[in-house]
Amino acid sequence: MGRRVIPIEATAEEVALHEVRRAIDAHAVHGRFAKWRWTMAFATQVAFYGLPWLTINGRQAVLFDVDAREFDLLGFVFRPQDFVYLAVLLSVAALAFFLFTAIAGRLWCGYACPQSVYTEIFRRIERTIEGDRLARVRLDAAPMSLDKLVVKALKHAAWLTVALWTGYTFVGYFTPIRDLGMRTITGQIAPWEASWLLFYALATYGNAGWLREQVCTSMCPYARFQRVMFDRDTLIIAYDATRGEPRGGRSQPVDARTNGLGDCVDCGICVQVCPTGIDIRKGLQYECVGCAACIDGCNRVMDIMGYRRGLIRYTTGNALAARDGAAAVWRRVLRPRTALYGALLLTMVAVAIASLAMRHPL
Amino acid sequence: MWVVWPGFLTALAADIVFFMLFDPRDLDMRSSREAVYTAAFVAFWALGMLSSALTLLLQRPQAESPPA
């Protein structure tokens, strides 16, 4: 007997508060910008993991000793009476941030933000242990077996190791790191140290292993207000629609133009490699973290097709509209907005350096 | 995420404002400053999370309500 289906008319559409997350498992991509991303991940993490181990004149070079109210910074010691330098530092940071964003857009997000860097590291670990995307999808779909359990356990163990080391390093900025190591081993770690170590480790593990692009699209305040710092001369990643459209598949690269097609072969690589799962061809979107994975992906396809690279490229709104090249982009780096930020920033830095050089430590 | 994260941000702000006015040493002589900062942060975080959780609870769409 067949099931009878009784149609029910919904009285009112229930509006969900939050979008249901669609898991994004991006393809790995190789190319110039992927290399840059990994280089930057390496450089920032060498600095982050290494700095607390540096010693100058027998003192830890970077140590924020909150209890003693002494901040060690590369040979300088700051005490409560130097509080003004914190204000200077914040002003310099804010101005540098405005200037950088106005010129370079989300270069920070793509290459230097800890969220991107740890995601990059965690994804690389995942790729090494579980294999490429296809192997991962197969593994996830497979029923639980001893093999799967071992592979999954290995991945999480590797992630947790990196995360715990990150947490340990973080706490090492606030309490002498060598001492902390000894006390961790001997079990004499203070509760506040242990709680921050575990919290930071858990945050790293959760953000880089599980949340990933959600941190950028839902949690990050910068992603939301960056648009007010953008103008039409800000560096963005954009799809050259004039060159690419009308898009479409083709069998022979040569006869595409005569068939009235643009350079976009509509292969979808740019979408498949995107860590936030957007289609850059729809234009600038706030989800775009500026990682340039789509540029690498598209350039490879352009090479195969024998087309010019840069259908998706770093450019600016003005350059794209005027069909200008990189030279024009560089020329417009200097404009009233950036000149003002630059001048203020230089003044601040000069004053800070002069004041630091002339100060008499108590 | 909608509970833990706003709570975290609020706790950060609350901790800074609170300890601009009070020295941890005045509150607890026996513990280090970091310990007091941490304990207060955790407490503020718990409060922030509670507030966000309540908002979420009150905002929940009423699935069982009879049609009007």
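The model is predicted, and local features need pLDDT of at least 70, side-chain atom pairs count only at pLDDT 80 or more, and totals for chains, interfaces and linings use all residues. Residues are numbered from 1 along each chain as its sequence is written, while chains are lettered from A and ligands numbered from 1 in the order in which they are written.

**Confidence**
- The model scores ipTM 0.70 and pTM 0.82.
- Chain B has a mean pLDDT of 85, with 90% of its residues at 70 or more, where pLDDT is the predictor's confidence in each residue, from 0 to 100.

**Architecture of chain B**
- Chain B contains 3 helices and 0 strands, these being DSSP runs numbered from the N terminus (helices: H or I, at least four residues; strands: E, at least two).
- Its pattern along the sequence reads α-α-α.
- Of its 68 residues, 16% count as buried, that is, with 20 or more other C-beta atoms, placed from the backbone, within 10 Å of their own.

**Helix α3(B)**
- Helix α3 of chain B, residues 33-59, has 27 residues and should span 39 Å at 1.5 Å a residue, which agrees with the 39 Å between its end C-alpha atoms; the expected span is 1.5 Å times one less than the number of residues.
- The buried residues of α3(B) are E34(B), V36(B), Y37(B), T38(B), F41(B), F44(B), W45(B) and G48(B).
- What covers these buried residues includes α8 (191-211) of chain A, together with α1 (4-21) and α2 (24-27) of chain B.

Conventions. Buried ≥ 20, exposed ≤ 12 C-beta atoms within 10 Å, placed from the backbone. Contact = placed C-beta atoms within 7 Å.
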